[in-house]
Amino acid sequence: MSNTSQYDFETFYHGVCSDLQARGEVHSMSKHFSMLEDDNERMKFVLEKNFINSLHWKDFNFSPKDRQESQKLRNLGNQVYQKNRLNEALEYYSQSICLAPHPLPPNTYINHSQDLEDNYSYEELALGYANRSAVLFQMKEYELCIRDITRAFNYSYPNNLMYKLFERKARCQRAIKDYARGLESMKEAEMWMKYSTLSETKSVSFKKEIAKNIDFLTEKVNSMTIEDVKNSAGFGPQTSGCLAKCPPNLGNKSAEIPCARADVKIKFHPDKGRFLVVDKDVKPGEILMVEKPYSSILLPEYYSTHCQTCCQRVLAPMPCCCCSKVRFCSEECRVEAWESFHKIECQQLDLILGANLGKNSMLAFRILTSSGKIYLEYVVNKVKDEMMKPETEGNPPEKLGFNEDGVYDSADYRTIYTLVGNTKQRGVGDLFKRGLMAAFMLKMLELTPFFFNGGSDPRNVKLQDKVLVGGIMLTHLQNLPCNAHEVAEIEIPGGSVKDSSQTEIGAASFGTLS
């Protein structure tokens with residue numbers, strides 16, 4: 001049997017081709033299509049032929065939360081944890097957390113049934129975080145353990161078990177020599193003991209252990225010097241924030257290209273197009289450029305191991321608040337993703353992934369979802385107006401993509417839109433397939449809040465809006481194959497560079513590096 005997804009683009013594409021052949025329209029269609037002059041015309045042609053009318057998808061195409069499955073996975077985690085199979089337990093608990101019902105974030109444009117339950121309990125989420133914190137403690141991942149304990153508190157962990165988490169948090173803080181905070185947590189554990197349901201014997205034993213730890217931590221705190229207190233003020237564990245390392249600082253930045261050093265220049269040649277040069281010798285190891293991607297994607301096979309936002313490998317992930325498919329390293333990355341692109345993609349993620357469009361097409365989709373229709377329309381119209389001006393009016397080709405202040409800012413969408421797509425070198429068949437793909441992806445966007453975001457009626461999008469957005473999509477389906485960069489993870493076993501390995505985990509669009 002075929003394993004082809006019900007959303008598969010290639011199946012749709014071959015169906016259209018077979019239909020055209022059966023009707024004897026391939027030659028006439030190709031001739032007409034070859035005469036079209038730009039991506040908007042190509043998009044309008046494809047849309048008016050109604051090729052996508054054969055596509056019928058559900059309103060929602062994603063993997064929602066599942067309380068029962070979350071409980072099942074947490075119980076499996078408990079079983080392997082008791083056998084000290086920590087890595088297995090960690091993954092079971094992470095899966096349980098991802099499937100546990102979760103409060104929805106603000107600005108959730110399309111809500112599903114989870115949001116309709118007024119008195120929803122998030123105990124599964126709290127229990128998942130608490131149980132995973134036990135594994136992380138055993139693995140000596142103390143800072144991650146503290147993060148999970150804090151998350152369990154945030155989702156109403158049962159009062160009768162709170163003493164356990166505060167005691168575990170205190171032991172983490174003791175292990176990393178954060179004695180003052182450890183003492184505070186141990187006293188919290190002592191206070192919460194009054195809610196415990198332990199037997200009298202176990203309760204007495206646990207209280208003795210807490211008292212012993214309080215004495216030890218009090219002695220440590222009392223022996224701290226004034227200098228120790230000053231040094232410990234900012235010493236606390238990294239219990240929040242993105243886990244990815246910050247890139248190096250770039251000194252002496254260029255006023256014209258902010259992500260590059262001042263001696264890096266943009267040049268133009270009719271045969272080569274735009275390119276970067278440095279006007280002096282560069283020594284090995286010198287940093288010439290530090291650029292944040294305009295947009296990036298994680299390859300689907302790494303969804304369960306890496307953060308959607310920063311692509312950092314994640315040992316103890318946070319889930320999306322709405323779907324159970326993606327993971328994040330921190331609350332900060334989760335919020336950034338939601339506010340940028342995930343609120344658009346979330347409830348159609350099975351459709352987006354199931355279409356098997358390839359990494360460049362997924363990146364094109366991400367560029368649109370992270371930019372928003374209003375911003376895209378403004379920039380594209382601005383660029384088209386500028387490109388119509390003659391060079392004599394201050395519009396030389398090397399200045400393509402620069403903003404009104406004469407700056408080539410890689411955070412500005414025009415630097416991505418103006419990347420070369422080699423359209424004139426492409427055959428009719430290549431452009432027609434990309435046009436169909438753009439229409440296919442446009443149909444996906446219509447199921448998301450994307451057009452609602454742009455002020456249009458998401459259920460009745462005007463043809464002119466479809467042509468605009470589809471034309472932009474088609475532009476990126478051409479310029480990303482020649483300009484997108486891979487996101488790679490380098491593993492250096494035992495610090496041996498010679499034995500290092502590099503793995504592609506995603507793709508990104510850079511206005512300057514491209």
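Helices (H or I, at least four residues) and strands (E, at least two) are DSSP runs, numbered from the N terminus. By that count, the protein has 19 helices and seven strands. What you have open is a predicted model, where local features need pLDDT of at least 70, side-chain atom pairs count only at pLDDT 80 or more, and totals for chains, interfaces and linings use all residues. Residues are numbered from 1 along each chain as its sequence is written, and side-chain values use heavy atoms, with hydrogens and water left out.

**The whole thing**

Start zoomed out. Taken along the principal axes, the C-alpha atoms fill a box of roughly 90 × 60 × 45 Å. Of the 514 residues, 46% count as buried (under 20% relative accessible area, with exposed over 50% and partly exposed in between, using a 1.4 Å probe and protein chains only). Now think about contacts, meaning heavy atoms within 4.5 Å. Among those with a separation of 6 or more, residues 24 or more positions apart account for 69%.

**Stop one: helix H14**

Select residues 359-371, which make up H14. The expected span of a helix is 1.5 Å times one less than its number of residues. For the 13 residues of H14 that gives 18 Å, and the end C-alpha atoms are 18 Å apart, so the two agree. Is this helix enclosed or open? Because 10 of its 13 residues are buried, H14 is largely enclosed by the rest of the structure. Step past the end of H14 and you land on Gly372, whose phi is positive, near 85°.

**Stop two: H8 against H10**

Next, show residues 162-175 (H8) and 200-222 (H10). Two packed helices are described by the angle between their axes and the distance between the axes. Here the angle is about 30° and the axes are 12 Å apart. Axes are lines fitted to C-alpha atoms, for helices over the stretch in contact, and angles run from 0 to 180 degrees between N-to-C directions. Angles under 35 degrees count as roughly parallel, over 145 as roughly antiparallel, 65 to 115 as roughly perpendicular and the rest as oblique. H8 and H10 are therefore roughly parallel to each other.

Which side chains should you show? Pick Tyr163, Glu167 and Arg174 in H8, which meet Phe206, Asn213, Phe216 and Leu217 in H10. The residues of this contact divide into four nonpolar, one polar and two charged (Ala, Val, Leu, Ile, Met, Phe, Trp, Tyr, Cys and Pro count as nonpolar, Asp, Glu, Lys and Arg as charged, and the others, Gly among them, as polar).

**Stop three: two loops**

Go to Ser156, in the loop between H7 (142-154) and H8. Its phi is positive, near 60°, in a residue other than glycine. At 57% relative accessibility, Ser156 is exposed.

Then jump to Asn422, in the loop between H16 (414-417) and H17 (428-446). Asn422 also has a positive phi, about 55°, although it is not a glycine. With a relative accessible area of 34%, Asn422 is partly exposed.

**Stop four: Ser94**

Is Ser94 buried or exposed? Select it in H5 (residues 86-99) and you'll find it buried, at 2% relative accessibility. Leaving out residues up to four places away in sequence, Ser94 touches Arg132, Leu315, Pro317 and Arg327.

**Last stop: Lys389**

Finish in the loop between H15 (373-387) and H16, where Lys389 sits. Lys389 is partly exposed, at 43% relative accessibility.
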